[in-house]
Amino acid sequence: MSTGGQNVLGLNRDQLRAFVAGLGERPFRGDQLFLWLYGRGVTSFEGMTDVARAFRERLASVAMVRGVSLLDTHVSPADGTTKFLFGLEDGLKIESVLIPPANGFEAEDPDDEPGPAPPRERLTLCVSTQVGCPLDCAFCATGTMGYLRNLTPGEILDQVLAVRRLTGSIITNVVFMGMGEPMLNYDAVMQAAGILTEGVGIAARRITISTAGWADGIRRMGEEKRRMKLAVSLHSAVDGTRKTLMPVARRFPLAALLDAVTSYYGRVKQRVTYEVVLFDGVNDTPEEIRRLIRFARAVPSKLNVIPYHAIVLKHPDGPGASLRPSPRLQQVVQQLREAHLTVMIRSSAGEDISAACGQLVIASASGRPVPAIRRNTSSRHPSST
C-alpha cells in the first residue's frame, strides 16, 4: 500500500474531489480515484493505470492508500464460513466473517430482493465497526474486550475490499454485525455504507445496520432516510429482562426504543428486523413471548431468532455465566408464526471456529503489539479466547 501523507481510503466522492482540487487538479481526477479505490480496489496509486503518470507520482508524494492488513484466516470445515483476522496500523486487531451462500438462515429470507444475487449465490460479509465494544451484552464475547476505539471509514470499507481481493469473489451483502456498536460510530459507518453503495455497487437494501438498541442512532437513520436495512438486537420485550441481558436498555428502555423505531419506520417505510436469542428460563417463558409478540406488532417487522452460541467469559460470575440455550426454540418459533409474525431462524454458520453471532473477540484486548499470527486451518483460531 502507498504510504505517507493523506490517507485517501475511506474518502467519499465529494471528499476526493475536494482533495484533488487542493492539489490544483480538476474534479474528474477525484472521480478517477473513487473508481480505482472502490470499484477496482487498487491498493496503490501506481496501479491506477489510466491516471496520468505525473499525477500518480504527485499523489504518491502527498497521499497514501492504507487500510487493514491480513494476519490470519480460518475456514470452518463444517460449512465453509471464513473468519479473517485483520491488523490495524496501531497494532490493534479486528475480525470479519464471510458467510457462504445459503448459510445465513435455515430458510430463504422473504425480504431479500430478486435480482443478481439469489439465495444460492449470496455471499455475505459481516464487518466490524469498533475495536471491542462498550455495551457489554451478557451473551456477547466482544463486550468482554471493553472498548478500545472506533474504526475509520477506510478501515470499515477495507474489510470488504480486502476480502474481495483475497477471495476473488463478489460480495453481494454486507452486515454491520461484527465487533462493536455501529450507532456509536455513526458517521464513519454511514460514510462507509454510502461508499459501498455508490463505489462498490452493493445496493443499500443489501446492507444491514445492526444495533443493540441505541435509540438516538435509529432515530437519526430515519431522519436522514437511510435506505439500508435496520436490525435491532431486542432479545426481550420486558424491561427488567432486557436490562439484565443488555446494559444499554438502562439508557434506552423499551418505550424509548419503540418510539425511535416508530419514528424510523414512519419516515423510511421499511420494516424493522428484531434479533432474538432465546435463553432457557430467561426470555422463553409464555409471558416473555406474549410481550415479544405485542412489541413486534407495533410497527411492521420480522424476527430473526438466533441460536445461542457458547462464549468464553472473562467474568464468569457475571450475568452471562448462567445463560443456556433454550430447548424451546422451535416451539417458540411456532408460537410466533401462529401470531402471524414473519420469523426466520438464523443458522449457526461458523460456530465451530468462533465466528458465529456473539463469538467475535480478540485475545490481545489490551492493544499491545503481539507477533503476527501464522496462517492456519486448525480447529481453534489462535486469536480468539
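**Note on the predicted chain: surface, sheet and core**

1. The chain exposes about 15800 Å², and carbon and sulfur atoms supply 52% of that area; accessible areas come from the Shrake-Rupley method with a 1.4 Å probe, and for residues only the protein chains shown count as cover. This is a predicted model, in which local features need pLDDT of at least 70, side-chain atom pairs count only at pLDDT 80 or more, and totals for chains, interfaces and linings use all residues. Residues are numbered from 1 along each chain as its sequence is written, and side-chain values use heavy atoms, with hydrogens and water left out.

2. Of the 385 residues in the chain, 56% are buried (buried means under 20% relative accessible area, exposed over 50%, partly exposed in between, with a 1.4 Å probe and protein chains only). The chain contains eleven helices and 14 strands, taken as DSSP runs numbered from the N terminus (helices: H or I, at least four residues; strands: E, at least two).

3. Ten strands make up an open sheet of mixed pairing, in the order β3-β4-β5-β6-β9-β10-β11-β12-β13-β14; two strands pair if DSSP finds at least two bridges between them. β3 (69–75) and β14 (342–345) stand at the edges with a single partner strand each, so one side of each is left without a neighbour in the sheet. On average, neighbouring strands of this sheet are turned by 25° against each other, direction ignored.

4. The bridge partner of S69 in β4 is G87.

5. Helix α4 (residues 153–167) lies across β3, β4, β5 (93–99), β6 (124–126) and β9 (173–176), and runs at about 125° to β4. Axes are lines fitted to C-alpha atoms, for helices over the stretch in contact, and angles run from 0 to 180 degrees between N-to-C directions.

6. The largest nonpolar core has 110 residues, and those with the most contacts inside it are Y38, F176, Y274 and L336. Such a core is a set of buried Ala, Val, Leu, Ile, Met, Phe, Trp, Tyr and Cys residues joined through side-chain atoms within 4.5 Å. Helix α5 (residues 186–200) gives the most to this core, with nine residues.

7. Leaving aside neighbours within four places in sequence, L336 is in contact (heavy atoms within 4.5 Å) with I289, L292, I293, L303, V305, L341 and V343. Among contacts in the chain between residues at least 6 apart in sequence, 70% join residues at least 24 apart.
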